[in-house]
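Subject: Structure handover

Hello,

Here is the structure you are taking over. Please keep it open while you read the notes below.

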Amino acid sequence: MTTIFSGIKPTGDLTLGNYLGAISRWVRVDQHRADAFFSVVDLHALTVEHEPARIRRLSRRTATLLLAAGLDPQVCALFVQSHVDEHTRLSYLLECVATDGELRRMIQYREKSARARESGEGVRFSLLSYPALMAADILAYRTDEVPVGEDQRQHVELTRDLAVRFNQRYGETFTVPRATAPPVAARVMDLQDPTGKMGKSHADGAGIVYLLDDLDTVRRKVMRAVTDSGRDVVYDRAARPGVANLLDILAACRADLAAGAGAGGGGGGSDPAALAASYDSYGALKRDVADAVVGVLRPLQERYARLAADPGAVEAVLRAGAGRARAVARPVVDAAYAAVGLLPAR
Ligand code: AQP
């Protein structure tokens, strides 16, 4: 059976970008067709300035939201990365396989280290080594597929390179994984700056739809989305990024709603270019986008409220998920330790 691993960092409140780019497909498709491991990758949130109480709060909230979105702990493993020591054990071995040059080439490292330098903060070493830990997250489960948005593709490519190099040097140990992206909404853009990603750790939330925003705020954010100077509705990501983003969001929300209603095939469905033809004004498009986003978020928020009232149940899910994850990861990581020449501890 195919094995899938994917993760989400507790660096901010989850956004519509996280949902449409990742979570919707985990819920609608991935968990049902594979051995699926989904993780709140909390160690990755420590690579930049952070407040401990906030990380704790966001880790719980993220796990609760994933369950509210529909991850089913009976069919997939949902766990917190730091609860499974195998991730950090393996990360060190992969740091010994990666080169300084290839880690420095990572776009996220270049962007985030430049930001940290500008704001006068030191650049944490973990920001550079982060892709080795991400590779460990993936390789520890002998993962075949990693469903991610476009922004993470380069890290999955590096993971593949490290797996191949490790296997060549030390013998077949890891499965070489591949990234899979959703058919639409692989990159949801900020509604106020459609040339930039809708990211949960960005400071200004005016162009970001958070999954727990109240629904009037969601409508307001969509209706105020920056569009382009033209008037006709066409799907052109380069020339009309604002309108293209709205069409992507509409297509992805409709596909999600159809999959939730039992039509199957989450992530497919409406084609943004075809949708463009049915609009002759930006106002009508925005109203339909707002309705579709609210249609996705309303049931999710209702389920979240019920789950958040019972934090003990969420913790029990995470404990069980960590147990399942450990049982799979431990023998793989032990095999990697043996392969590089380390004496067995047990
Ligand atoms: N805007 C997006 N469009 C499509 N997919 C997205 N993802 C994130 N943003 C978008 C996908 O969501 C999964 C988890 O993301 P993450 O926690 O790694 O990244 P983030 O939400 O982008 O968080 P940050 O802290 O704001 O990230 P940085 O600053 O690192 O970009 C992934 O599958 C991701 O592709």
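Which polar backbone atom is 2.9 Å from a nitrogen atom of the ligand? It belongs to M198. A polar contact here is a pair of N or O atoms within 3.5 Å; within protein, one must be able to donate a hydrogen and the other to accept it, and residues adjacent in sequence count only if both atoms are side-chain atoms. The protein covers 96% of the 670 Å² of accessible area that the ligand has on its own (Shrake-Rupley method, 1.4 Å probe; for residues, only the protein chains shown count as cover).

Before the rest, some notes on the source. This is a predicted model, in which local features need pLDDT of at least 70 and side-chain atom pairs count only at pLDDT 80 or more, while totals for chains, interfaces and linings use all residues. Residues are numbered from 1 along each chain as its sequence is written, and side-chain values use heavy atoms, with hydrogens and water left out.

Ligand shell

The ligand is surrounded by 23 residues, and the closest are T11, K112, D151, K197 and K200 (a residue is near if one of its heavy atoms lies within 4 Å). K197 has an N or O atom in its side chain 2.4 Å from an oxygen atom of the ligand. A polar backbone atom of K9 is 2.9 Å from an oxygen atom of the ligand. Helix α1 gives the largest share of the shell, four residues (helices are DSSP runs of H or I, at least four residues, and strands of E, at least two, numbered from the N terminus).

Helix packing

Helices α3 (residues 86–95) and α6 (residues 125–139) pack at about 120°, with axes 8 Å apart (axes are lines fitted to C-alpha atoms, for helices over the stretch in contact, and angles run from 0 to 180 degrees between N-to-C directions). Therefore α3 is oblique to α6 (under 35 degrees is roughly parallel, over 145 roughly antiparallel, 65 to 115 roughly perpendicular, the rest oblique).

Regards
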